[in-house]
Amino acid sequence: MMKEQLATFRIQLEEFARKHKNDIRKNPAFRSQFHEMCAKVGVDPLASNKGFWAELLGIGDFYYELGVQIVEICLATRPHNGGLINLQELCILLRQRKSDREAVSEDDCLRAISKLKVLGSGFEVISVGKKKLVRSVPTELNKDHNEILELAQAQGFVTVEEVERRLSWTSGRAIDALDTLLDEGLAMIDDGHRDRKRRYWFPCVSSNSTPVADT
């Protein structure tokens with residue numbers, strides 16, 4: 001009975017896709033709901049670029065092209081952010097490349113990135129606090145690094161003293177974690193302040209990623 005019901009659902013899903021293929025291609029919210037429907041009956045439209053779904057919707061090509069653009073953006077921004085970019089920023093940069101600025105959603109980005117994992121090139125999405133970050137380098141961030149990145153979300157930067165106070169760490173632990181993030185290219189140093197306290201800026205979580213010294 002279950003097999004018969006699933007077969008019926010899949011036939012109905014194909015009919016739905018034929019009827020609404022333009023909406024699926026152009027509307028990211030509609031596309032996300034379509035993927036949820038597919039998942040419920042065990043259909044993966046992204047499993048192959050060949051076959052019924054690819055021919056009907058061209059949906060495999062859409063995510064393949066999106067994946068290529070994600071790789072290009074991550075490579076272009078890596079000197080600035082060390083290979084860790086905010087998912088929202090990535091979506092904005094993708095929309096700037098397209099004529100239809102609303103054509104790409106965060107859900108689309110996440111699906112495209114999940115397909116990039118097969119390349120074994122370190123692409124994955126990590127959660128730091130309330131933000132999702134896309135990592136394009138095979139850097140392993142431990143719990144200390146994640147806590148510092150979460151702390152930095154408030155202002156875009158942290159100081160050694162702030163890390164010690166807010167996380168109840170020793171100076172050695174704070175400096176060691178910050179130095180690692182600095183070596184990995186995820187942080188930038190800003191020493192131009194009156195209080196002479198070094199700021200560690202993190203472009204991947206900062207809305208204003210350019211350090212501004214006190215005047």
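**Entry 1. Overall picture**

I looked up burial: 41% of the 215 residues in the protein chain are buried. Buried means under 20% relative accessible area, exposed means over 50%, and partly exposed lies in between, with a 1.4 Å probe and protein chains only. The model is predicted: local features need pLDDT of at least 70, side-chain atom pairs count only at pLDDT 80 or more, and totals for chains, interfaces and linings use all residues. Residues are numbered from 1 along each chain as its sequence is written, and side-chain values use heavy atoms, with hydrogens and water left out.

I then took the surface. The protein chain exposes about 12300 Å². Carbon and sulfur atoms supply 49% of that area. Accessible areas come from the Shrake-Rupley method with a 1.4 Å probe; for residues, only the protein chains shown count as cover.

I listed the secondary structure: 10 helices and six strands. Both are DSSP runs numbered from the N terminus, helices being H or I with at least four residues and strands E with at least two.

I checked contacts, meaning heavy atoms within 4.5 Å. Among contacts between residues at least 6 apart in sequence, 51% join residues at least 24 apart.

**Entry 2. Nonpolar cores**

I searched for nonpolar cores. Such a core is a set of buried Ala, Val, Leu, Ile, Met, Phe, Trp, Tyr and Cys residues joined through side-chain atoms within 4.5 Å. The largest one has 23 residues. Leu84, Ile148, Val158, Val163, Leu178 and Phe202 have the most contacts inside it. The elements giving two or more residues to this core are β2 (124-128), α8 (143-152), α9 (160-167) and α10 (171-183).

A second, separate core has 18 residues. I noted Tyr63, Ile73, Leu90 and Leu94 among them.

Leaving aside neighbours within four places in sequence, Ile148 is in contact with Val158, Val163, Trp169, Ala177, Leu178, Leu181 and Phe202.

**Entry 3. Asn86**

Asn86 sits in strand β1 (residues 84-86). Is Asn86 buried or exposed? Asn86 counts as buried, at 9% relative accessibility. Beyond its neighbours within four places in sequence, Asn86 is in contact with Lys131, Lys132, Leu133 and Cys204.

**Entry 4. Sheet and aromatic pair**

I traced an open sheet of three strands. The order is β4-β6-β5, with antiparallel pairing. Two strands pair if DSSP finds at least two bridges between them. The edge strands are β4 and β5 (188-190), and each pairs on one side only. Three bridges join β5 to β6. Ile189 has Tyr200 in β6 as its bridge partner.

I counted aromatic pairs and found one. Rings of Phe, Tyr and Trp (its six-membered ring) pair if their centres lie within 6.5 Å; planes under 30 degrees apart count as stacked, over 60 as edge-to-face and the rest as tilted. Phe157 and Trp201 form the pair, which is tilted, with 5.0 Å centre to centre and 40° between the planes. Phe157 is in strand β4 (residues 157-158) and Trp201 in strand β6 (residues 199-201), 44 residues apart. Phe157 is buried at 13% relative accessible area. Trp201 is buried as well, at 8%.

**Entry 5. Salt bridges**

I counted seven salt bridges. The rule asks for a side-chain nitrogen of Lys or Arg within 4 Å of a carboxyl oxygen of Asp or Glu.

- Lys143 and Glu147 have their closest N and O atoms 2.5 Å apart. The two are four residues apart in helix α8, so about one helical turn separates them. Lys143 is exposed, with a relative accessible area of 60%.
- Asp144 and Arg173 meet at 2.8 Å, N to O. The pair links distant parts of the chain, helix α8 and helix α10, 29 residues apart. Asp144 is buried at 17%, whereas Arg173 is partly exposed at 38%.
- Asp191 and Arg198 meet at 2.8 Å, N to O. Asp191 is partly exposed at 45%. Arg198 is also partly exposed, at 35%.

**Entry 6. Positive phi**

I looked for positive phi outside glycine. Ser168 has a phi of about 55°. Ser168 lies in the loop between α9 and α10 and is exposed, at 64% relative accessible area. Arg196 has a phi near 65°. Where is Arg196? Arg196 is in the loop between β5 and β6. Arg196 is exposed, with a relative accessible area of 77%.
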